[in-house]
Amino acid sequence: MKLSRRQLLGAAAGGSLVLAGGCAQVSRVVNGPPPSLEPPRHNVEPDLACINRFAFGLSALDDKPLRQGRRAWFEEQLSPSADEPGTLALALWRMDIHHLTAYELRDIPVPRIIEQLQRGAILRAVYSPWQVRERMVDFWSNHFSIFARKGLAAYRKPQDEREVIRAHCLGSFPEMLKASARSTAMLLYLDQQASSFSQPNENYARELLELHSLGVDAGYTQQDVMEAARCFTGWTEERRFLKARGQFVFREDLHDDGVKEVLGHRILPDGVKEGEKIVEIVSMHPSTARHIARKLCLNFLGREDEEVTKPVSDAYLASKGDIKTMLWALYDLSEAGLAKSTIKRPFDVAVTAIRSLGAETDGGSPLQDRLAKMGQPLYQWPMPDGFPVDAVAWKGSLLARWNFALDLAEGRIKGSFLNHERLKGLDAAGICSAMMGVSPDSSRMKSLMARMPDSMKPVETAALCLASSDFQWRHA
């Protein structure tokens, strides 16, 4: 079953269903204008909203994820165990990237390194019980985006993922920023290995200020960027014989030891501590609090206005950048009904689809190829700003999303399996109700069912459910 635009379902006023399949039953669905990716207009119950917002949706393998209540669940999620379920732990253990150093990985082709990075991200998001942690890993990996295909970055990225992103994703943002500044993956990606007193590299200094901390509208100047770049001269990767090659090193002989002035602060000559001082200054700057708050609110609440960003920004400043404190602020705002629907990026679509169906996956290349076709090949966004969040950026991925839904439901993605026995004995309303986590009698489900063709096979029903705008959005 393949889709063409002529076979797509026109968007109704309610925005319920946005796909029609390429088989006879599905092609009978309503004809109309070209489909859109507009958020549905149905409210969802609080438990489901919480799961959709802070986890990767419902899992068919866990029928009562919030059995202890939303707040107790969230509190437990913020103190995750290092342990993972046995099958997940075994799958991760088998990957080279979890055992070898950056220099030892050099004998492995870059595509294989990236394949393992993607596989690990998919498997953890699908199977880890620590869903809030995986949400935050996804968020911070995008915030500190590294294009793994640039130069030697792929060989350094596994260590960055462990020691920067995962080590600090629920900890302290200033500590994460400090770790990122010493990450050879980040430094190589932003050309810092070529920085010296004679030619300071502005790439890392600029992205540190613009993307990682203050934000583009913080009022810093080009002179601040140039002076910060001088502070970071000598920050590079160790490549000398009989040294810890591939690790961060400060090279005094490459450092500019003059006086600098950054953001109104006079920086006296102090070797490696000059760069550390810059990281300290920006990590506690009010503009950084606002910038991080805006990104968190847009990602989790679908908004970035003052009503929601100020409480999160205040939480950042009061806690000195504690991430859990900011997450509690986000949780309280969500509970207060101050959230909107947010578009699912392709990674989110794939993971939530697998979880909602109770499907199995090895996270391998066929599934990764589908992510690429939908526009999100993990670790391969070439710009340092990370994959976009807004819905407009993803409207071009509609057809690929629909084809993914059909192929996953029909078992055409090698390495990803749906046990069709799970669907037997359920009518269309039962299938969609189980996948969405909503009552068959709800207005949302009635609207969805109104656009379902009669006499559809269970797999086709599941595919249409995955392709509906109800599924393509994380709901308020």
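Reader: What are the ground rules for the numbering and the model?
Author: Residues are numbered from 1 along each chain as its sequence is written, and side-chain values use heavy atoms, with hydrogens and water left out. The model is predicted, so local features need pLDDT of at least 70 and side-chain atom pairs count only at pLDDT 80 or more, while totals for chains, interfaces and linings use all residues.

Reader: Why is His212 called buried?
Author: Buried means under 20% relative accessible area, exposed over 50%, and partly exposed in between, with a 1.4 Å probe and protein chains only. His212 has a relative accessible area of 1%, so the residue counts as buried. His212 belongs to helix α10 (residues 202–212), where helices (H or I, at least four residues) and strands (E, at least two) are DSSP runs numbered from the N terminus.

Reader: Which residues is His212 in contact with, leaving aside neighbours within four places in sequence?
Author: Contact means heavy atoms within 4.5 Å. The partners of His212 include His143, Phe144, Phe173, Leu177 and Ile292.

Reader: What makes α5 and α17 roughly perpendicular?
Author: Axes are lines fitted to C-alpha atoms, for helices over the stretch in contact, and angles run from 0 to 180 degrees between N-to-C directions. Angles under 35 degrees count as roughly parallel, over 145 as roughly antiparallel, 65 to 115 as roughly perpendicular and the rest as oblique. The axes of helix α5 (residues 110–127) and helix α17 (residues 365–373) cross at roughly 90 degrees and come within 10 Å, and therefore the two are roughly perpendicular. Glu115, Gln118, Arg119 and Ile122 of α5 make the contact with Ser365, Leu367, Gln368 and Leu371 of α17.

Reader: How is the contact of α5 with α17 divided by class?
Author: Ala, Val, Leu, Ile, Met, Phe, Trp, Tyr, Cys and Pro count as nonpolar, Asp, Glu, Lys and Arg as charged, and the others, Gly among them, as polar. On that basis the contact of α5 with α17 has three nonpolar, three polar and two charged residues.

Reader: Why is α7 called roughly antiparallel to α8?
Author: Helix α7 (residues 153–168) and helix α8 (residues 173–181) pack at an angle of about 170 degrees, with axes 9 Å apart. That angle is over 145, so α7 is roughly antiparallel to α8. In this contact, Glu163, Val164, Ile165 and His168 of α7 meet Glu175, Met176, Ala179 and Ser180 of α8.

Reader: How do you know that α5 is roughly parallel to α7?
Author: The axes of α5 and α7 cross at roughly 25 degrees and come within 8 Å. An angle under 35 degrees makes the pair roughly parallel. Their contact has seven nonpolar, no polar and three charged residues.

Reader: What makes a set of residues a nonpolar core?
Author: A nonpolar core is a set of buried Ala, Val, Leu, Ile, Met, Phe, Trp, Tyr and Cys residues joined through side-chain atoms within 4.5 Å. The largest one has 129 residues, and Met136 and Trp140 have the most contacts inside it. Helix α5 gives the largest share of this core, nine residues.

Reader: Why is the pair of Trp235 and Phe248 edge-to-face, and what kind of pair do Phe139 and Phe300 form?
Author: Rings of Phe, Tyr and Trp (its six-membered ring) pair if their centres lie within 6.5 Å; planes under 30 degrees apart count as stacked, over 60 as edge-to-face and the rest as tilted. Phe139 and Phe300 form a tilted pair, 6.4 Å centre to centre with 45 degrees between the planes. Phe139 is in helix α6 (residues 131–143) and Phe300 in helix α13 (residues 286–301), so this pair ties together parts 161 residues apart in sequence. The ring centres of Trp235 and Phe248 are 5.1 Å apart and the planes stand at 65 degrees, so that pair is edge-to-face.

Reader: Why is helix α11 described as largely enclosed?
Author: Seven of the ten residues of helix α11 (residues 222–231) are buried, so the rest of the structure largely encloses this helix. The cover over its buried residues includes α10 and β1.

Reader: Is Leu263 buried, exposed or partly exposed, and which of these is Lys320?
Author: Leu263 has a relative accessible area of 24%, so Leu263 is partly exposed. Lys320, at 59%, counts as exposed. Leu263 sits in the loop between β3 and β4, and Lys320 in the loop between α14 (306–319) and α15 (323–335).
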